[in-house]
Amino acid sequence: MKRIVYLVLILFIVAFALKGCLKKDRGFDDDVYLTDVRPLEVVKYDFEKPKNVTINGIDYLQARGKVGKFGGEIISSTIGEGPKTFNPFNANDNTSAQLSGIMYDGLVTTDPYDGTIIPKLAKDVEILPDKKTYIAHLRHGIKWSDGKEITADDVVFTYGTIIFGGYGDTATRDSLYINGKLPTVEKIDKYTVKFTTPEPFAPFIRTLTTPIAPKHVFKIATDKGKSYFRSFHDTNTKPKDFVTSGAFRMKEYVPAQRVIYERNPNYYMVDKKGQKLPYLDKYIILIVGDLNNDALKFEGLETDVINLQGSMVARYRELEKHSDFTLYNLGPTTSTTFVVFNLNTRKNKEGKYYVNPIKQKWFNDPNFRSAVDWAIDRENLVLNVLSGVGEPLYSAESISSIFLNEEIAKGHKQDINYAKELLKKSGFYLKDNKLYDKYSNRVEFEMLTNAGNTQREATGVSIKEDLAQLGMKVNFKPVEFNSLVSKLSNTYDWDAILIALTGNPLEPHSGHNVWSSNGALHLFNQRSDEDLKSTDKILPFERELDEIFKKAALEVDFDKRKALYNKYQQIVAQENPVIYLYSPANIIAIRKKFKNIYPTELGGILHNIEEVYIN
């Protein structure tokens with residue numbers, strides 16, 4: 001009976017029309033962007049590129065949407081306990097990055113409509129023929145929220161001191177090393193900055209999306225050292241102390257409840273009438289704890305926009321007919337949900353292993369990891385956890401990536417018998433339906449995930465049942481998110497974790513910190529600061545991935561880059577240090593009263609928040 005219901009639901013979802021489709025297309029000017037970078041055309045909107053306009057000597061960026069009305073507010077939500085910091089350079093979790101990112105803009109951004117690079121704080125970025133020199137021309141006369149002008153000094157400080165100096169989260173810096181060297185940055189004049197890379201470096205242009213910091217505010221923190229910087233602009237900071245460049249500045253933060261942003265009167269974007277944006281007075285984000293509470297808030301008219309879980313789609317599709325909201329299906333998300341095993345064989349400062357040596361042997365056995373991969377029923381996860389609203393995922397790149405290895409993405413069906421054969425090759429055996437290793441140790445381990453995400457909790461239960469068919473005992477435990485992050489980034493004392501990361505469908509190098517053996521997010525074989533001084537215990541396939549990412553970053557030809565990234569996906573699929581599960585569809589509901597809503601697969605629903613208005 002259940003099978004019939006699920007099949008009906010799948011047919012219903014298939015009938016649910018996509019607003020747009022992903023298209024691989026060149027459509028790109030070599031004189032403006034890096035050689036042979038393919039943009040995406042996500043949704044057919046009749047927009048020109050954003051224009052630079054000068055009004056009374058100030059260089060503004062003109063929005064592309066319709067001229068709207070001023071006033072009102074929009075209320076969205078975030079799952080979990082809330083941000084850990086509002087410093088964009090310290091943010092290493094999605095919530096902190098999202099909530100701090102609202103307040104700070106970069107020199108450029110990714111066009112949510114086609115994936116190309118478009119201007120933000122910079123009017124343009126000129127790439128010289130040597131493909132190593134980038135000249136950023138800043139807007140004249142634009143200001144921080146406190147009224148001070150945004151200049152080249154802020155840009156040079158952001159890159160030269162904060163990023164290249166290793167303050168905060170070093171993921172951006174680490175991804176920019178080219179044969180052991182970092183790019184250089186220098187001030188040409190008040191409004192002009194020159195970046196130089198040691199060699200042509202394909203991912204560099206997208207690095208310029210990094211937020212720019214106000215030097216007159218952040219220099220106080222960098223002068224006091226990296227330890228002080230880690231707590232600078234944390235969640236205890238007074239809203240008035242944030243000096244920002246984004247469309248909104250902070251007005252109020254109530255821990256575990258809400259963040260209220262207000263209109264930045266000094267924002268540098270204008271509409272087609274020359275009126276300064278944003279239109280909305282406030283942008284409010286409620287901290288809702290879990291997915292069920294998120295739905296209750298939306299249905300109780302306390303929020304205006306919601307990302308829907310698969311199990312909710314059919315109901316909301318029916319509600320939509322007689323309600324005040326519209327549903328949008330933006331296709332597969334760019335996030336990748338996976339299980340990762342801890343392959344760490346190192347010891348901590350006290351001389352103790354991070355991972356039990358018995359379990360180390362299991363997790364470092366390719367046959368063990370492959371057996372887990374073949375035992376997981378991804379189609380069942382999509383059907384039961386996502387309610388058919390998504391796709392199985394087998395690749396390290398998201399389904400929407402233009403660098404997706406199509407062959408790897410085909411994947412395989414669950415095969416318990418083959419999984420058992422793989423375990424037998426490594427000496428594992430079954431006794432009374434319980435799995436033992438060749439030393440007669442019962443195979444039992446702990447798998448963690450973040451509490452409050454009901455979809456992920458259901459996934460963990462399903463995987464536990466799948467692995468029970470191999471005789472494995474999985475102790476599945478949802479834990480508080482900050483505790484989970486601490487285990488991942490500080491203590492390293494975990495067996496397996498079920499989690500997700502957000503990818504970049506246009507640039508695999510954004511995952512450099514995941515796949516580089518010394519990367520900050522190299523979860524499956526994490527190295528402490530002390531461990532980084534040594535290159536021992538780096539696995540052979542890790543070294544191969546290091547080389548692939550180095551070569552791919554220096555290769556500017558798209559097809560050659562894709563061949564390299566195809567190889568990395570193949571290695572990950574063979575070695576299974578990370579076992580990918582599924583990609584949900586990105587389905588969003590938003591109140592009909594909001595206008596200038598142009599959803600795209602790359603940008604989501606509020607990518608143009610500055611020009612959203614209430615009719």
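A hairpin joins β8 to β9 through 2 residues, and that's a handy place to start with this predicted model. From there we'll look at an open sheet of 4 strands, a set of 44 aromatic pairs found across the whole structure, and a nonpolar core of 77 residues.

- Strand β8 covers residues 184-189 and strand β9 covers residues 192-196; the two pair in the antiparallel sense, over 5 bridges.
- Across this pairing, Val-185 in β8 stands opposite Phe-195 in β9.
- Phe-195 turns up again in the largest nonpolar core, where it is among the residues with the most contacts.

- At the edges sit β3 (73-79) and β10 (248-254), each pairing on one side only.
- On average, neighbouring strands here are turned by 20 degrees against each other, ignoring direction.
- β10 pairs with strand β11 (residues 258-263) in the antiparallel sense, over 6 bridges.
- Within that pairing, Arg-249 has Glu-262 in β11 as its bridge partner.
- Helix α2 (residues 94-101) packs on the sheet and touches β3, β11 and β13 (282-289), with its direction at about 160 degrees to that of β3.
- Helix α8 (residues 291-299) lies across β3 and β13, and runs at about 135 degrees to β13.

**Nonpolar cores**

- The largest core has 77 residues, and the ones with the most contacts inside it are Leu-107, Phe-195, Phe-218, Tyr-261 and Leu-606.
- Helix α3 (residues 152-163) gives this core its largest share, at 6 residues.
- What does Tyr-261 touch, leaving out residues up to four places away in sequence? Its contacts include Phe-86, Leu-99, Ile-102 and Met-103, along with Phe-248, Arg-249, Met-250 and Lys-251, and also Tyr-283 and Ile-285.
- A second, separate core has 66 residues, including Ile-376, Ile-463, Ile-499 and Tyr-580.

**Aromatic pairs**

- Searching the whole structure turns up 44 aromatic pairs.
- Take Tyr-228 and Phe-232: their ring centres are 6.4 Å apart and their planes are at 35 degrees, so this pair is tilted.
- Are these two buried or exposed? Phe-232 is buried, with a relative accessible area of 11%, while Tyr-228 is partly exposed at 33%.
- Phe-338 and Tyr-580 make an edge-to-face pair, because their planes are at 65 degrees, with ring centres 5.7 Å apart.
- That pair links distant parts of the chain: Phe-338 is in strand β16 (residues 335-341) and Tyr-580 is in strand β23 (residues 578-591), 242 residues apart.
- Both partners are tucked away from the surface by the numbers: Phe-338 counts as buried at 2% relative accessibility, and Tyr-580 counts as buried at 5%.
- Ring pairs also link Phe-403, Trp-515, Phe-524, Phe-541, Phe-549, Phe-558, Tyr-565 and Tyr-568 into a cluster.

**Charges over rings**

- Lys-226 has its charged end over the ring of Tyr-167, 5.8 Å from the ring's centre.
- Arg-591 lies over the face of Phe-298, 3.9 Å from the ring centre.

Technical notes:
Residues numbered from 1 in each chain as written. Predicted model: local features only at pLDDT ≥ 70, side-chain atom pairs only at ≥ 80, totals over all residues. Heavy atoms only, no water. Pairing = 2+ DSSP bridges. Phe/Tyr/Trp six-rings, centres within 6.5 Å; stacked < 30°, edge-to-face > 60°. Buried < 20%, exposed > 50% of the residue type's maximum accessible area, 1.4 Å probe, protein only. Lys NZ or Arg CZ within 6 Å of the ring centre and 35° of its normal. Axes fitted to C-alpha atoms, helices over the stretch in contact; angles between N-to-C directions. Contact = heavy atoms within 4.5 Å. Core = buried A, V, L, I, M, F, W, Y, C linked by side-chain atoms within 4.5 Å.
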